[in-house]
Amino acid sequence: MIYDTVIRGKFVDLKSITLEDEDVEFSYQIRKEEKNSKTVGQLASCLEEQRNFIKWQIKEPGDYYFVVWNKKGERIGLIGVYDIHDGTGEVGREVNNGSSVEAMEAEVLLDEFYRTVLHLQKITYVIYLSNKKHLNNHKKRGIEMKKIVTRNGVECAFFERPADGKDYANTRKLLDRIGGNQV
């Protein structure tokens, strides 16, 4: 689905992905980068396949996919919330070539979106067991793994937590300290 408002932060902005050639090319290229390709699920085999996925995603109810832009006006990542039903959504499709601060703020902005715009009560995550960095980030935030599941033939950790924003409280404080009066 398209969310037609830009979600603005101090370090990054989130804009719904579009069928513009630049968005299609960016999403295709960043997902196939070696550091990302092993953790993003199924990769499109070509640009046209990526475009078709975006066409499907834009029409899919309960599926929001954002391009992360830095304040220089450059695309630096992707993030989304999807499979929304009965007050629950899954967070993922996350890749980011920006700084750690930019990646953190993208997550915080998405958290605020699904809490205040979509009014979700619960969030799930499915993370490949080989994605140690992302698993450690969840552990640091106090999110406990519920079970092991299989996605695309790969074993993954399944996480579930209330969509109350509490696990991002410290991240918000850190971003406020770093950002000062930047807007």
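Reply: Start at Asp86, which sits in the loop joining strand S4 (75-85) to strand S5 (88-96). Bear in mind that this is a predicted model. Is Asp86 buried or exposed? Its relative accessibility is 75%, so Asp86 counts as exposed, the cut-off being over 50%.

Step back into the strand. Asp83 belongs to strand S4. Asp83 counts as partly exposed because its relative accessibility is 46%. Which residues does Asp83 touch, once neighbours within four places in sequence are set aside? They are Gly62, Thr88, Gly89 and Glu90. Lys133 is 50 residues away along the chain, and 24 Å separates the two C-alpha atoms.

Go to the loop between strand S3 (64-70) and S4. Lys71 is found there. With a relative accessibility of 41%, Lys71 counts as partly exposed. Set aside neighbours within four places in sequence again, and Lys71 is in contact with Gly9, Lys10, Phe11, Val12 and Asp13. A second residue gives a sense of distance. Lys139 stands 68 residues from Lys71 along the chain, with 29 Å between their C-alpha atoms.

Another loop has a positive phi to show. His119 lies between helix H4 (100-116) and strand S6 (122-128). Its phi is near 60 degrees, a positive value, and His119 is not glycine.

That loop brings us to helix H4. Two packed helices are described by the angle between their axes and the distance between the axes. How do H4 and helix H6 (residues 169-179) cross? Their axes come within 10 Å and cross at roughly 125 degrees. H4 is therefore oblique to H6. The crossing is left-handed.

Who makes the contact? H4 supplies Val101, Met104, Glu105, Val108, Asp111, Glu112 and Arg115. H6 answers with Thr171, Arg172, Leu174, Leu175 and Ile178. Sorted by class, the contact of H4 with H6 has six nonpolar, one polar and five charged residues.

Stay in H6 for a moment. Ala169 lies in this helix. Its relative accessibility is 30%, so Ala169 counts as partly exposed. Val108 is 61 residues from Ala169 along the chain, yet the two C-alpha atoms are separated by 9.1 Å. Val108 is one of the H4 residues that meet H6.

Now turn to another helix pair, H1 (residues 21-32) and H3 (residues 47-59). The axes of H1 and H3 come within 9 Å, crossing at roughly 110 degrees. What does that angle make them? H1 and H3 are roughly perpendicular to each other, because angles of 65 to 115 degrees fall in that class. H1 passes H3 in a right-handed crossing. On the H1 side, the contact is made by Asp21, Val24, Glu25, Ser27, Tyr28 and Arg31. On the H3 side are Leu47, Gln50, Arg51 and Ile54. By class, the residues where H1 meets H3 are four nonpolar, two polar and four charged.

Pick out Val24, a residue of helix H1. Is Val24 buried or exposed? Its relative accessibility is 1%, so Val24 counts as buried. Neighbours within four places aside, Val24 is in contact with Thr18, Leu19, Leu47, Gln50, Arg51 and Ile54. Leu47, Gln50, Arg51 and Ile54 are the H3 residues named in the helix contact. For scale, Val154 is 130 residues from Val24 along the chain, and their C-alpha atoms are separated by 26 Å.

Finish with the cysteines. A disulfide is a covalent bond between the sulfur atoms of two cysteines. How many disulfides does the structure hold? The count is zero. Cys46 has a relative accessibility of 33%, so Cys46 counts as partly exposed. Cys156 is buried, because its relative accessible area is 0%.

Return to where we began.

Notes: Residues are numbered from 1 along each chain as its sequence is written. This is a predicted model: local features need pLDDT of at least 70, side-chain atom pairs count only at pLDDT 80 or more; totals for chains, interfaces and linings use all residues. Side-chain values use heavy atoms; hydrogens and water are left out. Axes are lines fitted to C-alpha atoms, for helices over the stretch in contact, and angles run from 0 to 180 degrees between N-to-C directions. Helices (H or I, at least four residues) and strands (E, at least two) are DSSP runs, numbered from the N terminus. Angles under 35 degrees count as roughly parallel, over 145 as roughly antiparallel, 65 to 115 as roughly perpendicular and the rest as oblique. A crossing is left-handed if the near helix is turned anticlockwise from the far one by less than a right angle, and right-handed if clockwise. Contact means heavy atoms within 4.5 Å. Ala, Val, Leu, Ile, Met, Phe, Trp, Tyr, Cys and Pro count as nonpolar, Asp, Glu, Lys and Arg as charged, and the others, Gly among them, as polar. A disulfide is a pair of cysteine sulfur atoms within 2.5 Å. Buried means under 20% relative accessible area, exposed over 50%, partly exposed in between (1.4 Å probe, protein chains only).
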